[in-house]
Amino acid sequence: MSHVDDGTLHAYLDGELAPSEAQGVETHLAQCAGCRMRLEEERALITRAAELLGRAAPPDRELPPLRPGDVRPPVRLWWQVRLPVAWAATVALALGIGMYLGPTVGRGPEPAARADSDHAMRLQPQVVPVTGELAERAPHTTRRGTARTPPAKPPAVPAPAVEADQLERLQAEAQPPAAPAYVRNEAAAAAESQGVTANAAPRRDAVRGSPIDADSAHLVLGAAPLAVPDLPVRGMYRARLIGYSAVVIVEQSLDSSLIIEVINARPAPATRKTAAAPSAALRAADQSVPGLWLEVRGPLSADSLAALRRRLRPLRP
Amino acid sequence: MSDVTPDSLAEIYRTTYHALVRFLYRKVWDAERAEDLAQEAFARALVHKPESARGWLFIVAANMARDDARRAARERRHLTLLTAESPESTPALDDAVHAETERAQVRAALEQLTPRDREVLLLWDSGLSYEEIATHTGLARGAVGTTLARARRRLLDAYEAGTKGEHVARG
């Protein structure tokens with residue numbers, strides 16, 4: 001095999017090569033010292049680029065509730081507004097007449113009003129265009145002061161009741177197929193009930209990618225991935241986690257029904273103090289592998305997860 | 001990766017919201033605005049129920065950010081008149097100034113990339129896979145790695161050149 005080009009090296013380090021292609025790259029790397037050196041250079045380049053981008057990242061906030069529909073649509077001009085307003089006025093008038101004429105006639109226009117609720121919903125923000133405008137400008141003028149304070153508090157915008165209902169339904173739908181999500185939620189809930197602060201670690205979900213083997217995991221992370229010794233490894237996956245340049249998830253089974261995930265993440269060195277603090281604390285607690293951010297997730301109490309975390313050792317092939 | 005996650009919006013919201021905010025932030029450079037736009041993108045997804053929601057969300061977000069930038073530019077012309085005489089707020093902490101400076105330097109470096117290189121880099125940094133990036137940009141999947149390699153290198157070069165230039169100007 002000829003030398004590996006830059007694009008392929010980046011795709012390899014990003015975990016985006018098909019297994020057969022990755023194997024080809026590894027075969028070549030094993031024989032070619034020049035390409036191994038380039039691999040390290042490109043890895044450093046990727047880490048550095050991720051670090052730079054991390055400096056221009058939005059503040060790390062908790063996931064706010066989904067607020068469908070309460071976001072102001074782009075400001076419309078009066079001639080664009082007039083048509084829906086006319087619609088709504090017509091409907092309101094029809095309803096009014098219907099109510100005036102009595103219940104027998106009143107049944108008529110109601111379905112029409114329902115059908116038009118979409119229009120009405122989109123209209124809501126237009127009813128008070130002045131406050132909408134102010135609300136939009138306020139952040140622009142006050143931000144100078146507020147943006148520099150640490151991003152401690154999540155935006156406390158409660159979801160309106162109607163939409164919360166809709167969201168609940170959505171979440172209920174999401175439950176059955178999303179077993180890992182359920183597991184993580186439970187872990188998060190356990191952590192919180194145990195009084196572990198939620199921001200001790202970035203409570204983000206690693207988006208799980210393709211499976212990889214231990215050797216590739218080693219190459220991608222630049223170190224052997226960590227796992228709990230003596231527990232069977234069910235699988236190993238590439239993953240993406242914002243702020244980390246390489247992430248590998250080792251899936252292990254505690255017993256036949258209990259599965260834990262060990263997340264090995266190489267951070268893009270954070271420069272902002274707010275972002276760096278939690279991972280620095282985690283690293284201080286874990287001296288075994290400098291530079292890797294580690295977390296154990298599973299349907300266990302925070303204490304058990306912490307205990308498992310202390311037992312993590314580099315995985316031997 | 002979109003075929004891995006269950007195609008339910010609540011799940012996608014949970015896994016993609018931060019990524020979308022991150023992507024939008026590098027376009028509008030305003031955290032609150034980026035969050036609002038991300039919410040709006042999800043609200044639209046609730047209505048449209050697109051098939052591959054993740055990719056769809058990023059495309060919609062990119063379009064919204066573009067419209068937003070145009071509108072912001074229009075508004076700035078008005079606002080400069082209003083805010084011209086407002087006094088600068090109290091001097092912020094050194095850390096914040098430092099972070100702000102770095103952010104500005106990265107932003108300047110990003111703006112020196114070609115639009116395509118920048119888009120690919122930002123999409124990757126927001127958590128999209130090569131496959132998703134290829135769909136979003138129309139690049140061949142095999143070209144994503146090459147584009148990323150170039151974009152990363154140029155970002156670093158532009159950043160180094162920018163900070164060096166600043167030192168020269170200061171010294």
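This is a predicted model: local features need pLDDT of at least 70, side-chain atom pairs count only at pLDDT 80 or more; totals for chains, interfaces and linings use all residues.
Residues are numbered from 1 along each chain as its sequence is written, and chains are lettered from A, with ligands numbered from 1, in the order in which they are written.

Chain A contains 13 helices and 7 strands, where helices (H or I, at least four residues) and strands (E, at least two) are DSSP runs numbered from the N terminus. Chain B, by contrast, has 7 helices and 0 strands, and its pattern along the sequence reads α-α-α-α-α-α-α. A residue is taken as buried if 20 or more other C-beta atoms lie within 10 Å of its own, as exposed if 12 or fewer do, and as partly exposed in between, with C-beta atoms placed from the backbone. On this basis, 29% of the 317 residues of chain A count as buried, and buried residues make up 41% of the 171 residues in chain B. Two residues are in contact if their C-beta atoms, placed from the backbone, lie within 7 Å. Of the contacts in chain A with a separation of 6 or more, 69% are accounted for by residues 24 or more positions apart; in chain B, among contacts between residues at least 6 apart in sequence, 65% join residues at least 24 apart.

In soluble globular proteins, nonpolar side chains tend to be buried together. A nonpolar core is here a set of buried Ala, Val, Leu, Ile, Met, Phe, Trp, Tyr and Cys residues joined through C-beta atoms within 7 Å. The largest such core has 92 residues, and those with the most contacts inside it are L20(B), L24(B), A38(B), A41(B) and A61(B). Helix 1 (residues 9-28) of chain B supplies the largest share of this core, 11 residues. When residues up to four places away in sequence are not counted, A41(B) touches L20(B), L57(B), V60(B), A61(B) and M64(B).

Helix packing was described with axes that are lines fitted to C-alpha atoms, for helices over the stretch in contact, and with angles that run from 0 to 180 degrees between N-to-C directions. Angles under 35 degrees count as roughly parallel, over 145 as roughly antiparallel, 65 to 115 as roughly perpendicular and the rest as oblique. In chain B, the axes of helix 1 and helix 2 come within 8 Å and cross at roughly 140°, which makes helix 1 of chain B oblique to helix 2 of chain B. Helix 1 of chain B passes helix 2 of chain B in a right-handed crossing, a crossing being left-handed if the near helix is turned anticlockwise from the far one by less than a right angle, and right-handed if clockwise. Among the residues that meet are L20(B) and L24(B) from helix 1 of chain B, and A38(B) and A41(B) from helix 2 of chain B. By class, this contact of helix 1 with helix 2 of chain B has 16 nonpolar, no polar and 2 charged residues, where Ala, Val, Leu, Ile, Met, Phe, Trp, Tyr, Cys and Pro count as nonpolar, Asp, Glu, Lys and Arg as charged, and the others, Gly among them, as polar.

A pairing between the chains involves helix 3 (residues 33-55) of chain A and helix 4 (residues 94-111) of chain B, which pack at an angle of about 120° with their axes 8 Å apart. These two helices are therefore oblique to each other, and their crossing is left-handed. L52(A), L53(A) and R55(A) in helix 3 of chain A meet E102(B), R103(B) and V106(B) in helix 4 of chain B, and the residues of this contact divide into 3 nonpolar, no polar and 3 charged. R103(B), partly exposed with 15 other C-beta atoms within 10 Å, touches R55(A) and A56(A), not counting residues up to four places away in sequence.

R103(B) and W29(B) are 74 residues apart in sequence and 9.6 Å apart in space, C-alpha to C-alpha. W29(B) is placed in the loop between helix 1 and helix 2 (31-48) of chain B, and its phi is near 55°, a positive value in a residue other than glycine. W29(B) is partly exposed, with 16 other C-beta atoms within 10 Å. In chain A, D230(A) has a positive phi of about 70° although it is not a glycine; D230(A) lies in the loop between strand 2 (226-227) and strand 3 (233-240) of chain A, and counts as exposed with 8 C-beta neighbours inside 10 Å.
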